[in-house]
Amino acid sequence: MSKIHAAITAVHGYVPDYILTNKELETMVDTNDEWITTRTGIKERRILKGEGLGTSDMAVPAVEALLKKRGIGADELDLIIFCTTTPDRVFPATANILADKIGAKNAWGYDLQAACSGFLFGLATASQFIESGKHKKVLVVGGDKMSSITNYKDRATCIIFGDGCGAVLLEPNEEGNGIIDSILRSDGSGVAYLHQKAGGSVKPATHETVDALEHFAYQEGQAVFKFAVTKMADVAAEVMERNHLNADDIAWLVPHQANKRIIDATANRTGVTADKVIINIERYGNTTNGTIPLCLWEWEDKFKKGDNLILAAFGGGFTWGSIYLKWAY
Ligand code: UT7
């Protein structure tokens, strides 16, 4: 019997309608379009507006469209892994909330937190349930409402982040397509450079933590940049070397969209030419867990069965990793 791989069989995404442009940010903080564009590559990002809406509300339209595309019902899903850093609530898991909203009454699920690398960690985890034969249909969702933890008075962070969500369905594949290899890494000493100060068990929410703006994302950009620019590139190159792939063998490089300069460094290190590097950062900014599935969604029409894709990410934790997969349809 041939080996079972976990293959992506459907993908869809959702971004909110509201567009926050660099021009509008100029009216909010001391910044300018030229600085943001040259330092990050971002021109605009989407913001989820509306009282009482959370990350799951972006997942619902993405997943409903995905299921329709694949021609299956939500009740056929076995497992939902929701990769997010901005869950609807601290508990219960957003995966459970999503399952209820879409009617996935036969699925179990949980949230996975690995900051910007979350979607890759989720894909690698989900693939184990498929490869073992335990499950046939696993939904991996990656999404964040970063606007809920962004301080729009802090120019160092508010220019980067945006809201968005994507989802993929994983199913068994016996033709040799699907997730072939992954390298995932973490280093918890990175907590100093990228974190949310309050709201967890170390520092529960109080009036003081709210007044001190400690519920927003805190980032020491330069320090994170230094790690990201080398680690993401190195791990992408490592997964390629390990699988005897050179740049010509790669159809698409799908990098986490945190900063155009980090994406370019990863492309340079792997030798993959610009025409094969998927970039939408100029329209969405950094949607954390949403970046990679949103890229897959927008480029889906261009992928061909058997294409070699290299996915790569770096994020808070620190966490980083790369996945090699063969597109299955
Ligand atoms: O998603 C996964 C994890 N996150 C990342 O991978 C993000 C990694 N870091 C970055 O992408 C970059 O560090 C940032 C985009 C966050 C910042 O870019 P930078 O080139 O590292 O800027 P910097 O923090 O070194 O600041 C350079 C200068 C400073 O001014 P001085 O001290 O040189 O006078 C900042 O005060 O730019 C200033 N600055 C700004 N100026 C205009 C910082 N933010 C802004 C701004 N507009 N928004």
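Biologist: How many aromatic pairs does a search of the whole structure find?

Modeller: The model is a predicted one, and the search of the whole structure gives 10 aromatic pairs.

Biologist: What makes Trp108 and Phe129 an edge-to-face pair?

Modeller: Rings pair if their centres lie within 6.5 Å, and planes over 60 degrees apart count as edge-to-face. The ring centres of Trp108 and Phe129 are 5.6 Å apart and the planes stand at 75°, so the pair is edge-to-face. Trp108 belongs to strand β5 (residues 108-112) and Phe129 to helix α5, so distant parts of the chain, 21 residues apart, are linked by this pair.

Biologist: How many salt bridges does the structure hold, and why do Arg155 and Asp30 count as one?

Modeller: The structure holds 17 salt bridges. The criterion is a side-chain nitrogen of Lys or Arg within 4 Å of a carboxyl oxygen of Asp or Glu. For Arg155 and Asp30 the N to O distance is 3.7 Å, and the pair therefore meets the criterion.

Biologist: Which parts of the chain does the pair of Arg155 and Asp30 tie together?

Modeller: Arg155 is in helix α6 (residues 155-158), whereas Asp30 is in the loop between α1 (22-26) and α2, so parts 125 residues apart in sequence are tied together.

Biologist: Where do the domains of the protein chain lie, and how far apart are their C-alpha centres?

Modeller: The domain assignment gives domain 1 as 5-175 and domain 2 as 180-326. Their C-alpha centres are 14 Å apart. Contact between them involves 48 residues of domain 1 and 44 residues of domain 2.

Biologist: What area is buried between the two domains, and which residues of domain 1 lose the most?

Modeller: About 3,600 Å² is buried between domain 1 and domain 2, with carbon and sulfur atoms giving 63% of that area. On the side of domain 1, Cys116, Leu120 and Ile149 lose the most area to domain 2, together 18% of what that side buries.

Biologist: Why is the pair of Glu300 and Lys69 called a salt bridge?

Modeller: The closest N and O atoms of Glu300 and Lys69 are 2.8 Å apart; the limit is 4 Å, so the pair qualifies. Between domain 1 and domain 2 the count is 2 salt bridges, and there are also 19 residue pairs in polar contact.

Biologist: Which elements give two or more residues to the side of domain 1 that touches domain 2?

Modeller: They are β1 (5-14), α2 (33-40), β3 (44-47), α5 (118-131), β6 (138-145) and β7 (163-173). The residues of that side divide into 21 nonpolar, 18 polar and 9 charged.

Biologist: How do you know that the bond joining Phe91 and Pro92 is cis?

Modeller: The omega angle of the bond joining Phe91 and Pro92 is about 0°, and the bond is cis. Pro92 is in the loop between β4 and α4. Another cis peptide bond joins Gly317 and Phe318, with omega about -5°; Phe318 lies in the loop between β12 (308-315) and β13 (319-326). Most peptide bonds are trans.

Biologist: Which residues does Ala93 touch, residues up to four places away in sequence not being counted?

Modeller: Ala93 touches Tyr110 and Asp111 on that count. Ala93 is in the loop between β4 (79-83) and α4 (94-102).

Biologist: What value does phi of Leu213 take?

Modeller: Phi of Leu213 is near 60°, a positive value in a residue other than glycine. Leu213 is in the loop between α7 (207-211) and β10 (217-219). Most residues other than glycine have a negative phi.

How values were computed
Residues are numbered from 1 along each chain as its sequence is written. This is a predicted model: local features need pLDDT of at least 70, side-chain atom pairs count only at pLDDT 80 or more; totals for chains, interfaces and linings use all residues. Side-chain values use heavy atoms; hydrogens and water are left out. Domain bounds come from an automatic or database domain assignment. Contact means heavy atoms within 4.5 Å. Buried area is the accessible area (1.4 Å probe) that two parts lose on being put together, summed over both. A polar contact is a pair of N or O atoms within 3.5 Å; within protein, one must be able to donate a hydrogen and the other to accept it, and residues adjacent in sequence count only if both atoms are side-chain atoms. Helices (H or I, at least four residues) and strands (E, at least two) are DSSP runs, numbered from the N terminus. Ala, Val, Leu, Ile, Met, Phe, Trp, Tyr, Cys and Pro count as nonpolar, Asp, Glu, Lys and Arg as charged, and the others, Gly among them, as polar. Rings of Phe, Tyr and Trp (its six-membered ring) pair if their centres lie within 6.5 Å; planes under 30 degrees apart count as stacked, over 60 as edge-to-face and the rest as tilted.
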